[in-house]
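Good morning, and thank you for coming. Please look at the sequence and the structure as they come up.

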Amino acid sequence: MLKKFLEKFKTKKFNWADARYLLSFENDDWDSFFNEIGSYRFETLQEAKALKFYTPGKSFPSISVTGNSCDLNCKHCDRKYLSNMLQAETEEKFKNALNYCIDHNSVGALISGGCTSYGKVPIEKYKDIILDFKRKNKKFFLNSHVGLISYSEARSLKESGIDTVSFDLNLDSKVIQDVFNLDFKIEDYIESYDALLEAGLRVIPHVLIGARFGKIARELDAIKVLSENPPELLVFIGMIPPRTNGEMDQNFELLTPESMAKFFLISKVFLPSTLLSLGCMRPKGKFSFDLERWSILSGANHIVMPTAKTIKWAKQENFKIEYYSACCVIPSEFEPYAQAIDSRGALKYPDLLSRKHF
């Protein structure tokens, strides 16, 4: 059956039914399959062997506008990621967080935080502070998580000077209710995504693979929606099962590397002009190399925090590699300030350190 998938991919006859079948198909030799995909892309089609590796680290911190608080306490984050962010639940703390970024020569920052019971990250309360900050620091890149949003809220966000919105496009009603603990519909996510675009914001959709307790379910629906208006970049992240005292929640399954890598191949078919990224939030461990390598062979252009083994393999395979000390959604105009000489994020431009923030 894998040969049929390969043949359809090569002859451009791979359709949505094939995509859904591929996602459910089980096999013991995925390595050969993804190697053949890579061989066809890079040897037969002569696609460019170019990769961008990202290491956010201290040069691109995350800021939580709600501190450690989140009204949802959902199974996706369980508030565990908030504690590692710069705490900014008050105006003074938010200003301090931004000043911290400047003092530490950060390239940019992610403004995020916990959600309200309405699925919103309350960034708008700091609109005036953000506006003033961006006026003074035009070359400081601000990414954001906003959650569900109306058009008027999106317009306000645009006016604040936020550079990018990373939006989780979740189109699974069971996940919305049982994982995110929200009483909303699929249409609310589509309307929020459309509102952000209509407001003129740069929006980078994220698709959480395995959102339904580690199982593949309705992720393909998001790619279908995006295919109607392809984004410049699509980021795939993977569900990390919650743990209590080191023990994984038994309601969850662990994602396999092939279950994630398949989405890059499918997106390569239906979103041929869209750049594809393997995002930072994903299961890591003994299968990391397979996941990263298979994703690259299938169509990934960007990898966040690749393993040393993946970097070594990419060099051996003669990929042209660029390193950035930022998150993977950074646009091209900010790349010179984030470009690094190695995967640790050591800056290529020494004068950046002395220029503070422009």
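The largest cavity has a volume of about 90 Å³. A cavity here is a set of points on a 1 Å grid, laid over the protein atoms alone, where a 1.4 Å probe fits but cannot get out; a pocket is an open set with protein on both sides within 12 Å along at least five of seven lines, and lining residues have an atom within 4 Å of a point. Grid points are joined across faces, edges and corners, and the volume is the space filled by probe spheres set on the points. β7 (203-209) and α9 (219-227) are the elements that give two or more residues to the lining of this largest cavity. Helices (H or I, at least four residues) and strands (E, at least two) are DSSP runs, numbered from the N terminus.

Before I continue, a word on the model. It is a predicted one, in which local features need pLDDT of at least 70 and side-chain atom pairs count only at pLDDT 80 or more, while totals for chains, interfaces and linings use all residues. Residues are numbered from 1 along each chain as its sequence is written, and side-chain values use heavy atoms, with hydrogens and water left out.

To return to the largest cavity, its lining includes Leu 169, Asn 170, Val 207, Leu 208, Arg 218 and Glu 219. By class, this lining divides into 7 nonpolar, 1 polar and 4 charged residues. In this scheme Ala, Val, Leu, Ile, Met, Phe, Trp, Tyr, Cys and Pro are nonpolar, Asp, Glu, Lys and Arg are charged, and the others, Gly among them, are polar.

How many cavities of 30 Å³ or more are there? The count is 2.

I turn now to the pockets. The largest pocket has a volume of about 1,400 Å³. Of the 50 residues that line it, Met 85, Leu 110, Ser 112, His 145 and Met 281 lie nearest its centre. At least two lining residues come from each of β4 (108-112), β6 (164-168) and β8 (233-238), and β6 gives the most, with 3. The lining of this pocket comprises 30 nonpolar, 15 polar and 5 charged residues.

The second largest pocket has a volume of about 330 Å³. It is lined by 17 residues, and nearest its centre are Leu 254, Leu 255, Pro 283, Lys 284 and Gly 285. Helices α10 (257-270) and α11 (288-298) each supply at least two residues of that lining, which has 10 nonpolar, 3 polar and 4 charged residues.

Helix α11 also holds Arg 293. Is Arg 293 buried or exposed? Its relative accessibility is 9%, so Arg 293 counts as buried; the cut-offs are under 20% relative accessible area for buried, over 50% for exposed, and partly exposed in between, with a 1.4 Å probe and protein chains only. The side chains of Arg 293 and Asp 31 are joined by a polar contact of 2.6 Å. Such a contact is a pair of N or O atoms within 3.5 Å; within protein, one must be able to donate a hydrogen and the other to accept it, and residues adjacent in sequence count only if both atoms are side-chain atoms.

Ser 160, in helix α6 (residues 151-160), is buried because its relative accessibility is 2%. Its side chain reaches the backbone nitrogen of Ile 162 at 3.5 Å.

Finally, the cysteines. The structure holds 0 disulfides, a disulfide being a pair of cysteine sulfur atoms within 2.5 Å. Cys 115 is in no disulfide either, as the nearest cysteine sulfur, that of Cys 70, is 5.3 Å away. Cys 101 is buried at 0% relative accessible area, and Cys 115 counts as buried at 19%.
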